[in-house]
Amino acid sequence: MLNQQVEHLMIAAEHELRAAGPSGLSELALIKTLQSERWQVIGSVDFSRTEQLYPVHFLLFHALYRLNDELFPAGEHIQLSPLQIRLCPASSSGNTSLPGAKDSLREFYMDLKQYYLSNTEIADMMDRFWTGTIVQKPNSASVASAAEVLGFESVPPTFDTAKRRFRKLMMKVHPDRGGSTVQVQHLNDAFAVLKAHYS
């Protein structure tokens with residue numbers, strides 16, 4: 001049953017990524033599209049509850065890594081980060097998820113046992129993440145995407161430069177100033193990637 005769901009996710013995700021073109025989709029946008037009437041391959045999710053979000057996130061990334069393995073021999077790969085998921089030519093730089101390449105994130109998402117983590121295990125993993133005991137360096141494509149979200153043409157030379165831009169943009173998009181929580185979250189996600197890059 002789970003394998004059938006993964007196969008359906010792979011087909012739906014490939015279709016949506018091809019439709020999105022070079023700009024790709026954020027993970028959130030892809031999840032919402034896969035929840036839509038057109039696909040209905042992901043059920044209702046309370047995005048504020050980690051125990052509901054984790055299995056959806058895990059299964060989607062498992063499907064995307066498998067799809068990447070299928071597409072690579074035909075000359076394509078998936079650039080994969082929560083901020084931007086897109087199809088690219090296999091020769092493009094920044095691809096860290098090639099089949100057979102040593103990639104700890106790929107190994108995690110390809111291991112379906114990780115899908116069945118208990119709520120306690122998920123909470124422990126999130127606690128370790130937020131306290132900084134898990135530090136995963138983002139790949140160069142994710143860093144470039146994050147810099148672009150903050151309005152840079154290239155990755156800023158220092159963390160302080162990124163931090164100043166982040167603060168300035170947060171002031172503009174704050175809901176009290178006419179912005180939205182979605183914009184705030186988008187900037188937060190980008191800043192988290194850059195923070196990991198400079199750490």
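In helix 6 (residues 140-149), the buried residues are A141, S142, V143, S145, A146 and A147. This helix belongs to a predicted model of a protein whose secondary structure comes to 8 helices and 2 strands. Buried residues make up 37% of the 199 residues in the protein.

**Helix 6 and its surroundings**

- The buried residues of helix 6 pack against strand 1 and helix 8 (181-198).
- At the N-terminal end, helix 6 is capped by N139, which has a side-chain oxygen 3.2 Å from the backbone nitrogen of A141.
- Just after helix 6 comes G151, with a positive phi of about 90°.
- S145, one of the buried residues of this helix, makes a side-chain polar contact of 2.7 Å with Q84.

**Q84, between the two strands**

- Q84 sits in the loop that runs between strand 1 and strand 2.
- Q84 counts as buried because its relative accessibility is 15%, and the cut-off for buried is under 20%.
- Besides its polar contact with S145, the side chain of Q84 reaches the backbone oxygen of S23 at 3.0 Å.
- Leaving out residues up to four places away in sequence, Q84 touches P22, S23, L25, S26, Q79 and S145.

**Overall layout**

- The order of elements along the sequence is α-α-α-β-β-α-α-α-α-α.
- Of the contacts in the protein with a separation of 6 or more, 59% are between residues 24 or more positions apart.

**Nonpolar cores**

- The largest nonpolar core has 34 residues, and L34, L64 and I78 have the most contacts inside it.
- At least two residues of this core come from each of helix 1, helix 2, helix 3, strand 1 (76-80), strand 2 (85-89) and helix 5.
- The most is given by helix 3, with 11 residues.
- Another core, of 16 residues, lies apart from this one, and L83, A146, F166 and V184 are among its members.
- I78 is found in strand 1; its relative accessible area is 2%, so I78 is buried.
- Between the C-alpha atoms of I78 and P89, which are 11 residues apart along the chain, the separation is 8.6 Å.

**Helix 1 against helix 2**

- Helix 1 and helix 2 pack at an angle of about 115°, and their axes are 11 Å apart.
- Their crossing is right-handed.
- On the helix 1 side, L9, A12, A13 and E16 meet L30, T33 and L34 of helix 2.
- L34 has contacts with L9, A12, A13, E16, W39, Q40, V41, I42 and L60 once neighbours within four places in sequence are left aside.

**Two further loop residues**

- Q40, one of the contacts of L34, lies in the loop between helix 2 (27-35) and helix 3 (50-71).
- Although Q40 is not a glycine, it has a positive phi of about 55°.
- Is Q40 buried or exposed? Q40 is exposed because its relative accessible area is 54%, and the cut-off for exposed is over 50%.
- Q114 lies in the loop between helix 4 (104-110) and helix 5.
- Apart from residues up to four places away in sequence, Q114 touches Y54, F58 and F108.
- The C-alpha atoms of Q114 and P55 are separated by 9.0 Å, and the two residues are 59 residues apart along the chain.

**Confidence of the model**

- The protein has a mean pLDDT of 85, with 89% of its residues at 70 or more.
- Which element has the lowest mean pLDDT, and which the highest? The lowest value among the elements, 77, belongs to helix 5 (residues 119-130), and the highest, 94, to helix 1 (residues 2-20).
- Over residues 93-97, pLDDT stays under 50.
- For these residues the model has 12 contacts beyond four places in sequence.
- Where pLDDT is low, the predicted coordinates should not be read in detail.

Notes: Residues numbered from 1 in each chain as written. Predicted model: local features only at pLDDT ≥ 70, side-chain atom pairs only at ≥ 80, totals over all residues. Heavy atoms only, no water. pLDDT = per-residue confidence, 0-100. Helix = DSSP H or I, 4+ residues; strand = E, 2+ residues; numbered from the N terminus. Contact = heavy atoms within 4.5 Å. Buried < 20%, exposed > 50% of the residue type's maximum accessible area, 1.4 Å probe, protein only. Core = buried A, V, L, I, M, F, W, Y, C linked by side-chain atoms within 4.5 Å. Polar contact = N/O pair within 3.5 Å; in protein donor to acceptor, adjacent residues only side chain to side chain. Axes fitted to C-alpha atoms, helices over the stretch in contact; angles between N-to-C directions. Left-handed = near helix turned anticlockwise from the far one by under 90°.
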